Number of protein chains: 2
Amino acid sequence: MDNTALIIVDVQKGLDEPSWGVRNNPDAEQKIVALLAQWRDKGRPVVHIQHCSVEPDSPLRPDRPGCEFKDEVTPVAGEAHFKKSVNSAFIGTGLEDYLRDRDISSLVIVGLTTDHCVSTTTRMAGNLGFDVTLVSDATATFDRAGHDGVHHSAESIHDIHLASLNDEFCLVRSTEDVLSSSGS
Amino acid sequence: MDNTALIIVDVQKGLDEPSWGVRNNPDAEQKIVALLAQWRDKGRPVVHIQHCSVEPDSPLRPDRPGCEFKDEVTPVAGEAHFKKSVNSAFIGTGLEDYLRDRDISSLVIVGLTTDHCVSTTTRMAGNLGFDVTLVSDATATFDRAGHDGVHHSAESIHDIHLASLNDEFCLVRSTEDVLSSSGS
C-alpha cells in the first residue's frame with residue numbers, strides 16, 4: 001500500500017450549504033479523517049482535489065468562502081493539490097501526469113459527492129487503468145429529483161451508484177476494511 | 001440540429017446474453033432506430049461506438065459474434081465508427097478529435113447500458129464541454145447487486161442514474177421530445 005494514493009474529492013465548506021438538499025452519511029468526513037491520518041502516519045501519497053466552480057451561483061466559486069477545504073482535511077506541506085472546474089478530477093488538471101510520474105497505479109478515492117464528482121473521478125480512474133478502491137462510507141451525496149419530477153433519497157442514490165461502480169470501475173470497501181488491511 | 005451528432009453506444013448482439021441479468025426498457029432499440037432514421041433522413045452525423053472487450057469471458061470480445069452491432073443499428077457508409085475497450089467512448093478512441101474537427105459541439109447519446117458505458121460517456125462528454133442530450137427511453141440497463149449483497153432492480157438503477165446525470169452533465173429528454181423538436 002505504500003505507493004497507494006488517497007484521493008480526497010471536494011471536501012469543501014460550501015457543500016454544507018442547505019441549498020444542496022438532504023445529505024446521507026453525516027459520518028463521511030470522520031471516516032475521511034481516519035483514512036487521512038493513517039495515510040499521513042505511513043507517509044503515503046495524499047492528493048487533495050478542490051472544485052473551483054465557474055457556475056455563477058455556486059458556493060464553490062473560488063472567490064467565495066465555500067470553496068475552502070473543510071478544516072479537518074486542509075492539505076499539509078508535501079501533499080498534492082489539484083483544482084478542477086468539472087466533475088472529473090482528471091479533466092483540466094495535471095492529476096494523471098502526477099500519478100504516472102510517481103508510478104502510482106493504485107488509488108483510494110473518498111469525498112463528495114458519491115454520484116457526481118466521486119463517481120466521475122472513479123470512472124475515469126478505472127478507465128485510465130488505475131486500480132481503484134472506493135470507500136463506501138467515506139463518501140456521501142444529496143437527494144435529487146429526476147427530469148420526470150420523481151424524488152430519490154440521498155441514501156438510494158448513494159447505494160445504487162456504489163452498486164454500479166463496484167466490480168466495473170473499482171472495488172467498493174468500507175473504511176474499517178481499508179484501515180485494517182492497509183495499517184500494517 | 002443539423003450538426004448535432006447521434007452517438008449510439010454499445011448496441012451489440014452480445015448484450016442479449018441472459019448472463020447480464022434482468023433488463024429494463026425492452027423498447028430502447030426501437031427508440032434508437034427511430035432516432036437513427038431521423039438522423040439519416042436529415043443527413044446529420046451519426047457515430048457508432050462498439051465495445052471490444054479485453055475481458056476473457058465477455059461476449060463482447062471482438063472474436064465473438066456478440067461483438068457485432070445489432071442488425072437494426074448496423075452502420076452505413078459515411079457514418080463514423082469507433083471501437084473502445086473501456087466504458088468511456090472518449091478514452092483510447094479518436095472520438096473527441098473527430099467531433100472537434102467537424103465543429104460538432106452538440107451530442108444526442110443513446111445506447112447501453114445506462115449506468116455503465118452510457119453514463120461514463122455522457123459524463124466525459126459534458127465535462128469536455130459538449131452540449132449533451134441523453135435520451136431517457138433510448139437507453140437501458142440490467143439489475144445489479146451491491147458490494148453489500150443488496151439487490152437493485154434495473155428500473156431503479158436506470159431512474160436514479162438519469163436523475164444524477166440530468167442538469168449536471170446533460171439534459172435528459174424522451175425520444176418523442178427529441179424527434180418532435182428536431183424533426184423540422
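Student: Which residues in α3(A) meet residues in α4(A)?

Tutor: In this predicted model, Thr114(A), Asp115(A), Ser119(A) and Thr122(A) are the α3(A) residues, and they meet Ile157(A), His158(A), His161(A) and Leu165(A) in α4(A). By class, the residues of this contact divide into two nonpolar, five polar and one charged.

Student: Why is α3(A) called roughly parallel to α4(A)?

Tutor: The two axes come within 11 Å and cross at roughly 10°. Angles under 35 degrees count as roughly parallel, so α3(A) is roughly parallel to α4(A).

Student: What makes up the side of chain A that touches chain B?

Tutor: In the contact between the chains, 28 residues of chain A face 28 residues of chain B. On the side of chain A, α3 (114-127), β6 (144-145) and α4 (154-165) each supply at least two residues. The most comes from α4(A), with eight residues. By class, that side has 10 nonpolar, 13 polar and five charged residues.

Student: How do you know that the same surface serves both copies?

Tutor: Of the contact residues of chain A, 100% recur in chain B.

Terms used. Residues are numbered from 1 along each chain as its sequence is written. Chains are lettered from A and ligands numbered from 1 in the order in which they are written. This is a predicted model: local features need pLDDT of at least 70, side-chain atom pairs count only at pLDDT 80 or more; totals for chains, interfaces and linings use all residues. Two residues are in contact if their C-beta atoms, placed from the backbone, lie within 7 Å. Helices (H or I, at least four residues) and strands (E, at least two) are DSSP runs, numbered from the N terminus. Ala, Val, Leu, Ile, Met, Phe, Trp, Tyr, Cys and Pro count as nonpolar, Asp, Glu, Lys and Arg as charged, and the others, Gly among them, as polar. Axes are lines fitted to C-alpha atoms, for helices over the stretch in contact, and angles run from 0 to 180 degrees between N-to-C directions. Angles under 35 degrees count as roughly parallel, over 145 as roughly antiparallel, 65 to 115 as roughly perpendicular and the rest as oblique.
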